[in-house]
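Please read the note below alongside the sequence and the 3D view. Each point takes up one topic.

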Amino acid sequence: MQSLDVQKRSATTTTPPSVRVAEEPVAKLIDISKCIGCKACQVACMQWNDLRDEITFHPGYNNPVDLSDQSWTVMRFAEVQREDGRLDWLIRKDGCMHCEDPGCLKACPAPGAIVKYANGIVDFVSENCIGCGYCLTGCPFNIPRISKKDNKAYKCTLCSDRVAVGLEPACVKTCPTGAIVFGSKVDMIHHAEGRIADLKERGYSNAALYDPQGVGGTHVMYVLQHGDQPELYAGLPKDPSISPLVSLWKGIAKPLMSFGIGLAVFAGFFHFVTAGPKEVEEEETD
Amino acid sequence: MSTLIQRYSASERNNHWLVAIAFILAALSGLALFHPAFFFLTNLFGGGTWTRILHPFIGAVMFLFFIVMAARFWRPNRITPADRQWMRRIGDVIRNRDEGLPEPGKYNAGQKYLFWVLVIGIPVLLVSGIFIWQPWFAPFFPIWLLRVAVVVHALAAWIIILGIVVHVYAAIWVKGTIRAMTRGTVSAAWAKHHHRAWYRETTGK
């Protein structure tokens, strides 16, 4: 399946198949100014992916309150008072952002447990997942969740199975207001520009596209009314990036340290060959 | 046949080898998840998932036996001024020029420093390991702590692995040493040459 060409593969040090260059990167655009918080996307996600989260009751609108192995997307509701005293009800559909430079994939020690397809989708290949939880440390958005049932990590797949056969993700399909749209990333950026111009006309002078460059851009983007303050949207990070504890560590330190261990073993061997063993003459005994 | 001197009791030997076996298993399973080049080692443990499951338990077993061993070997490993002098002549030791070295007791300075590296390093491994132990403990800690713990755990393990490489090599290099841990005894000549102060103390000569 060409649209499922693997471009990056976790814990793999050789170049994955990458000669096909015509693959169009995709993106899901979530226009928060159009979202009415109906949670149809949550339902569609569970329905398509055969997930059923535990039914719970909470005060407030967030339900389920958090992402889980059974809830790959949740609406996060934030009530924000604007400078002019009016209320903004900001509802953000949270879930995997499908980073161009995925921290989860970088942190993962299991070969092929996390892959990034040429179309930009970051997918967990659960049968290769060993359940170590390192992906949690790599993710700047706090998205992956470890299942209590099988100890494997789960998150939004951007409906890679649907996209592979030319369908849009389930949440996009079901969204009744058109707040979620899907297409090529170029088209989605273009679409967002129109929406942002519209919002600016209506007084949202800081409206902006959220496509954070700290992770190389994302394949899930938001149109934010308050683009200068993404934190208002239930803590959306302003400038997310992979923690240096993960990136430097995985990037440079570990190959050097592995080399160091090998060097120590060789140093011992060649020392033995050069200096020889320490032997004591039995005559030394009195 | 020269006389033999008792260096380790059977109980001390068994203690040492229990720690050693646990260490080797922990190191192999840990390296498997440290860098993709070593991932093939997961095959020794029944695959990636089994490696992830077993590694922390092996580490906990190692910690428990190490605590007992450290308590037993604590006293003769205290650093003395003579050890610092011995360390200054490490170049001569490496070149097998042992004449006129300060006389080590039961342990020389190199052995002592390894001991203290382990005394600090193994508890660090235990604590940092608990923070990242899926699924039992990791879910109770914040993600920033997991990030730090992963790095601290790997760094401590790396230092200890290097230390143990030196430890194993030293045992091979210094002839007559390995039997101290396999049979419990060493030759009097070995003791006199390598651990003269301990030799005097033990034999009264």
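This is a predicted model: local features need pLDDT of at least 70, side-chain atom pairs count only at pLDDT 80 or more; totals for chains, interfaces and linings use all residues.

1. Residues are numbered from 1 along each chain as its sequence is written, and chains are lettered from A and ligands numbered from 1 in the order in which they are written.

2. Chain A is divided into domain 1 (2-242) and domain 2 (245-274), with bounds that come from an automatic or database domain assignment. The C-alpha centres of these two domains of chain A lie 38 Å apart.

3. The secondary structure of chain A comes to seven helices and 11 strands, where helices (H or I, at least four residues) and strands (E, at least two) are DSSP runs numbered from the N terminus. The radius of gyration of chain A, taken over C-alpha atoms, is 24 Å, well over the 19 Å that the globule rule gives for 286 residues, so chain A is more spread out than a compact globule. That rule is 2.2 Å times the number of residues to the power 0.38. Along its principal axes, the C-alpha trace of chain A spans about 100 × 45 × 40 Å.

4. In chain A, four strands form an open sheet with mixed pairing, in the order β9-β2-β11-β10; two strands pair if DSSP finds at least two bridges between them. Because β9 (180-184) and β10 (208-210) of chain A stand at the edges with a single partner strand each, one side of each is left without a neighbour in the sheet.

5. Within this sheet, strand β2 (residues 26-31) of chain A runs parallel to strand β11 (residues 220-224) of chain A, and four bridges join them. Ile30(A) stands opposite Tyr222(A) in β11(A).

6. How many residues of chain B are in contact with chain A? There are 40 residues of chain B in contact with 42 residues of chain A, counting two residues as in contact if their C-beta atoms, placed from the backbone, lie within 7 Å. The largest share of the side of chain B that touches chain A, 12 residues, comes from α6(B). The residues of that side of chain B divide into 24 nonpolar, 10 polar and six charged; Ala, Val, Leu, Ile, Met, Phe, Trp, Tyr, Cys and Pro count as nonpolar, Asp, Glu, Lys and Arg as charged, and the others, Gly among them, as polar.
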